Amino acid sequence: MDSNIFSKHLNMENVKINDSFWNEITETVRKKVIPYQYLALQDKIDNAEKSYCIQNFIKAGKICKDIKSGKNTKTYPVDKWQYNENNSDKDSFQGWVFQDSDVYKWIEAVGYSLQNHYDEDLKRKAEEYIDIICNAQLDNGYLDTLYIINDRSKIFSNLKDHHELYCFGHLTEGAISYYKATGNRKLLDAACKFADLICDTFGEDRIKGYPGHETAEMALVKLYSETGKEKYLNTAKFFINERGKKPYYFDTEQNKESVGENYHYNQAHIQPKYQSEAVGHAVRGVYLYSAMTDIAKNCNDDELFSACKKIWDNISNKKMYITGGIGATVDGEAFSFDYDLPNDLAYAETCASIGLIFFARRMSECEINAHYADVIERVLYNTVLSGMAEDGKSFFYVNPLEVLPIASKMDSRKKHIKPVRQKWFSCACCPPNLARLISSINEYICTDNNNTIFINQYIGCKINSNNANIIIHSSYVKNGQISFDVKAKKPFKLALRIPYWCDEYHISKKYKLENGYAFIELNGNCTVNAEFITKIKMIKCSNKVRANVGKVAITRGPFVYCYEETDNGKNLHLLKLSENPNFVYKDGQIFADGLREKEDNQLYSEYNRPEFEECTLKFIPYYHWGNRGENEMAVYIRI
């Protein structure tokens, strides 16, 4: 690895967004999504699945108080992934084993939101939750409500399935975000106390375990960056290096032999440095790969970074949907085999795409390659935005590319496909993940090093870098035009990403192309104008993707388009584009000449050339689908 080209994203306070497209979205999250989720965490949303999250912390806080006063406390089983009123005592832990993480992600979103827009009422609500959380922490630093409530003697006894270290990771990321926003250290001190316990518990001469669901590794690196304490980095590195060694720790802790156990699911089948393919649970995977990149960069580990590059290539070239979705199969919420990208069975969990963004940004900070930022753009403008409704009050967990509502209801193979967004989920990892990502979108716009500012996303904003202050004026999503008002602090290079979808572009200054960036040498104040010519395109898959042979997807700029029953009638599978579609773009929608195949009610008959009727097809951005009620939807269309 060449540390001379490493870059780093700018912190929130150094990037202030003012963008006609993204202002509306970030304000929706601030004013609607975050307050809505505040209520959901308390089970105050009518006709929505229960969270139990805050309820668990209150229970755990009472137990901590009883312990300190010397009272005896009851114990309950810790033998399930999900606990509810039907399978557990009403006074025990309720919800999924990782339920604590929902409020931590919510606090992280609040921290980012407060850095952008100070809000005293939101700060008060967050600190109300922080007090409840900290009251539930044991004196030794341990903080996980499942084990505090149900059975403290079983702490760290099932790392494979019970998500104590995963929850710690989200606690830490939430604590750092909130501390940066407010200076309030209460939650950060709680996270450090838990981190100290973890460092004292795990290591070469201690427990040789590692998280079943990764995220602690990323959080420990972030905590190291915040505090400068090397033990946090060392423990993260230990978790990475220990993972996948034989005998498998997950067998050791259960006192069994690994017979038919699928450790690909946890990415624990071999050591990360030897991995070359994205396998297993997709969210766990991209969280691990993000941490691997962190460790590779901080430790200048060429072998580990080489594994990251191989895995990245496997995902982006063989296992990623055109929308940026990953994790094609519902079985294990997992990566499937190469080129297996079914449209109507797609899982493509929102959290997985968000994790892919984490991975991509870290890779982009290690080497100069616009492909990483291209993927971030693809995910942001499609799967991420699709994950929440326009009103911010319902959400998608999975993001299919084709939906037939009757199949979702009557075909058990497709029960995970929801034709409308849901108010909440008992397993609610995705909504707060969306809130924290969109609230921190500032951190994905640019990176810099000693002599270069890399513009990765064309979002209107004010940038304050050691190299220059830059104001970006952007109408990128409308017409591909951007201008940069630059006030240089010293001679530097401005590197503009050439978007993957763009065939023709104009930049007002002399530039040199390198790895997908246009490098412009600047020495003084100036204005740079760029235009990326935006065209409607028909995009095909590799013919190894069986689901899409003879089909195309319609795109314009960063947006993938889809077509819905509301605009085009039932039986979308009978539609196809005309040989000359004559695409017309108007008010964000695309119209095209198409054909509808006449229905044939006879189940079997001798083949005759089908008959077609002419029609006008209407396409909308994929992220808008499902906002007008339950109906059919598809991305790919016959040609």
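A residue counts as buried under 20% relative accessible area, as exposed over 50%, and as partly exposed in between. The structure described here is a predicted model. Leu404, with a relative accessible area of 41%, is therefore partly exposed. This residue lies in the loop between β5 (402-403) and α15 (405-410). Together with Ile406 and Met410, Leu404 makes a nonpolar surface patch of about 330 Å².

The packing of helices was examined next. Two packed helices are described by the angle between their axes and the distance between the axes. Helix α7, formed by residues 186-201, packs with helix α9, formed by residues 230-242, at an angle of about 55°, and the two axes are 10 Å apart. Helix α7 is therefore oblique to α9. The crossing in which α7 passes α9 is left-handed.

A second pair consists of helix α3 (residues 100-116) and helix α16 (residues 430-439), whose axes cross at roughly 20° and come within 8 Å. Because angles under 35 degrees count as roughly parallel, α3 is described as roughly parallel to α16. Here too the handedness was assigned: α3 passes α16 in a left-handed crossing.

Salt bridges were then counted, and the total comes to 44. One of them joins Lys80 to Asp79, with 3.1 Å between the closest N and O atoms. The two partners fall into separate accessibility classes: Lys80 has a relative accessible area of 22% and is partly exposed, whereas Asp79 reaches 55% and counts as exposed.

Another salt bridge is formed by the side chains of Lys537 and Asp503, with an N to O distance of 2.8 Å. Lys537 belongs to strand β16 (residues 536-539), while Asp503 sits in the loop between β11 (492-497) and β12 (505-507); the pair therefore ties together parts that are 34 residues apart in sequence. Asp503 is exposed, its relative accessible area being 58%.

Arg628 and Glu564 also form a salt bridge, and their closest N and O atoms are 2.8 Å apart. This pair links distant parts of the chain, since Arg628 is in the loop between β22 (612-621) and β23 (633-634) and Glu564 is in strand β18 (residues 559-564), 64 residues apart. Arg628 is partly exposed at 41% relative accessibility. Glu564, by contrast, is buried, with a relative accessible area of 1%. Elsewhere, salt bridges that share partners join four residues, Glu108, Glu173, Lys222 and Arg436, into one network.

A further buried residue is Tyr147, which has a relative accessible area of 1%. Tyr147 is part of helix α5, which covers residues 145-150. Between the C-alpha atoms of Tyr147 and Ala60 the separation is 9.0 Å, although these two residues are 87 residues apart along the chain.

Technical notes. Residues are numbered from 1 along each chain as its sequence is written. This is a predicted model: local features need pLDDT of at least 70, side-chain atom pairs count only at pLDDT 80 or more; totals for chains, interfaces and linings use all residues. Side-chain values use heavy atoms; hydrogens and water are left out. Patches are made of residues with over 30% relative accessible area and no salt bridge: like charges are joined within 9 Å, nonpolar side chains (Val, Leu, Ile, Met, Phe, Trp, Tyr) within 5 Å. Accessible areas come from the Shrake-Rupley method with a 1.4 Å probe; for residues, only the protein chains shown count as cover. Helices (H or I, at least four residues) and strands (E, at least two) are DSSP runs, numbered from the N terminus. Buried means under 20% relative accessible area, exposed over 50%, partly exposed in between (1.4 Å probe, protein chains only). Axes are lines fitted to C-alpha atoms, for helices over the stretch in contact, and angles run from 0 to 180 degrees between N-to-C directions. Angles under 35 degrees count as roughly parallel, over 145 as roughly antiparallel, 65 to 115 as roughly perpendicular and the rest as oblique. A crossing is left-handed if the near helix is turned anticlockwise from the far one by less than a right angle, and right-handed if clockwise.
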